[in-house]
Amino acid sequence: MAKSSPSFFSILITATFLLLASVLTKGVEGTIGVNYGTLADNLPPPSKVAHFLQDSTIINRVRLFDAEPDILEAFAHTGIALTVTVPNHHIPNLTNLSFAQQWLEDYVQPYIPATNVVRILVGNEVLSTANKSLIVGLVPAMQTLQTALVGASLDRRIQISTPHSLGILSASSPPSNGNFRQGYDTHVLKPLLSFHRATNSPFMVNPYPFFECSTDTLDYALFRPNSGVFDENTKLLYTNMLDAQLDAVYSAMKLLGFDDLEIVIAETGWPSLGDSDQIGVDANSAAEYNGNLMRHVQSGVGTPLMPNRTFETYIFSLFNEDLKPGPTWERNFGLFQPNMTPVYDIGILRSTAAAAANPNLHHVICLLAISVGVLILNNHG
Ligand SMILES: *[C@@H]1O[C@H](CO)[C@@H](O)[C@H](O)[C@H]1NC(C)=O
Ligand SMILES: *[C@@H]1O[C@H](CO)[C@@H](O)[C@H](O)[C@H]1NC(C)=O
Ligand SMILES: *[C@@H]1O[C@H](CO)[C@@H](O)[C@H](O)[C@H]1NC(C)=O
Ligand SMILES: *[C@@H]1O[C@H](CO)[C@@H](O)[C@H](O)[C@H]1NC(C)=O
């Protein structure tokens with residue numbers, strides 16, 4: 001009995017240090033968002049998803065492509081910051097204040113504050129639809145919904161925005177040449193950017209280096225070591241494609257006088273499976289892109305034109321979605337399989353997150369814990 005007590009004591013000390021290691025390294029987590037798409041017939045029920053995210057991952061922001069009541073209810077009391085979307089087809093009606101108020105009453109008000117709804121997106125990639133009634137209605141719809149929010153005293157809790165594809169740019173290379181498409185620039189984007197400034201809400205974009213890259217630029221797209229791309233105008237060197245895309249957006253905003261606004265990455269990602277032998281479409285490349293992305297946007301390094309910034313970022317997507325049309329890779333952007341097993345590991349699970357967030361600190365403290373344990377054992381032996 002007496003002989004076993006030193007080892008018990010050392011185990012206790014070791015356990016204490018290991019606990020300390022996980023607590024200390026947890027603070028480095030930052031904020032990670034995912035897009036929770038549901039174009040699948042095999043996904044777990046929303047309540048299971050919400051608790052899985054809360055209990056087993058470091059994901060603390062979720063964006064929905066809709067405002068499904070079941071999902072809003074499922075995220076109650078999880079603390080996860082939820083972004084919901086008014087689908088594109090509602091935009092013309094949303095310019096009607098009664099409709100906007102009704103939408104809020106039906107889809108948001110019943111679920112807050114238990115569910116932490118922080119943002120409402122009016123449509124998705126609306127300018128790319130080429131549908132005139134949607135495009136013309138976009139900013140008025142956002143303004144009307146804002147009026148409804150103010151009326152319900154929710155404007156301090158909830159922001160309004162809308163995500164854009166990079167198709168809104170007519171030029172993006174080099175990044176300092178970034179320019180919005182003519183016609184959209186003054187008629188839609190200028191009032192939109194004014195809305196963001198007035199309501200202190202972010203401009204949201206969906207940059208996908210995956211869609212822009214070729215065999216020659218794969219390393220540049222995946223944040224691997226590469227020789228970079230030099231911007232002659234600014235004399236700045238770009239070492240990854242995401243920075244170049246974000247700076248092209250920034251340059252376009254600056255041309256209209258809106259370089260002070262926050263930019264949020266509403267969607268970005270990389271598929272883990274494609275058809276036959278597509279280069280760079282595999283689980284390792286997807287893990288590299290999303291892992292490097294997470295570290296980069298949280299690092300505080302920023303981009304060449306936006307130094308020291310961090311970017312709120314939503315990885316596309318939470319699950320592989322079997323009902324998405326198109327080539328194989330469309331259905332394989334997920335971080336997780338529908339049964340909630342990871343497709344690859346990028347340190348998003350709580351069990352591996354601390355080590356991934358700060359491997360050095362974690363290793364030092366673990367080594368320390370084991371040394372102290374051994375020391376105590378020896379002293380008693
Ligand atoms: C544009 O969108 C509206 C609203 O969804 C829809 O009623 C209309 O048919 C669309 N127009 C075109 C040309 O697709
Ligand atoms: C828009 O409003 C009209 C009239 O209130 C209604 O008939 C129509 O179904 C609405 N459209 C959508 C997409 O909700
Ligand atoms: C505005 O929306 C309300 C509520 O949905 C509806 O009853 C009304 O007919 C709409 N008005 C117009 C002009 O579409
Ligand atoms: C970014 O941070 C560096 C190092 O702290 C500092 O020297 C620099 O002035 C900052 N740049 C901007 C634009 O804030």
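Predicted model: local features only at pLDDT ≥ 70, side-chain atom pairs only at ≥ 80, totals over all residues.
1. Val 84 belongs to the largest nonpolar core, which has 101 residues. Along with Val 62, Ile 120, Phe 180 and Phe 203, Val 84 touches the most other members of that core. A second core of five residues is separate, and Leu 121, Met 204, Ala 266 and Tyr 314 are among its members.

2. Which residues of helix α5 are buried? In α5, spanning residues 97-107, they are Ala 100, Trp 103 and Leu 104. Viewed down the helix axis, the buried residues of α5 fall within an arc of 95 degrees, so they line one face. An α-helix has 3.6 residues a turn, so positions three or four places apart point the same way.

3. Asn 96 caps the N-terminal end of α5. A side-chain oxygen of Asn 96 sits 3.0 Å from the backbone nitrogen of Ser 98.

4. Asn 96 is also at the ligand site. Ligand 3 is surrounded by Asn 96, Ser 98 and Phe 99. One oxygen atom of ligand 3 lies 2.4 Å from an N or O atom in the Asn 96 side chain. Ligand 3 alone exposes 360 Å², of which the protein buries 31%.

Terms used: Residues numbered from 1 in each chain as written. Chains lettered and ligands numbered in written order. Heavy atoms only, no water. Near = heavy atom within 4 Å. Polar contact = N/O pair within 3.5 Å; in protein donor to acceptor, adjacent residues only side chain to side chain. Areas by Shrake-Rupley, 256 points an atom, 1.4 Å probe, with all protein chains shown as cover. Buried < 20%, exposed > 50% of the residue type's maximum accessible area, 1.4 Å probe, protein only. Helix = DSSP H or I, 4+ residues; strand = E, 2+ residues; numbered from the N terminus. Arc of directions from axis to C-beta. Core = buried A, V, L, I, M, F, W, Y, C linked by side-chain atoms within 4.5 Å.
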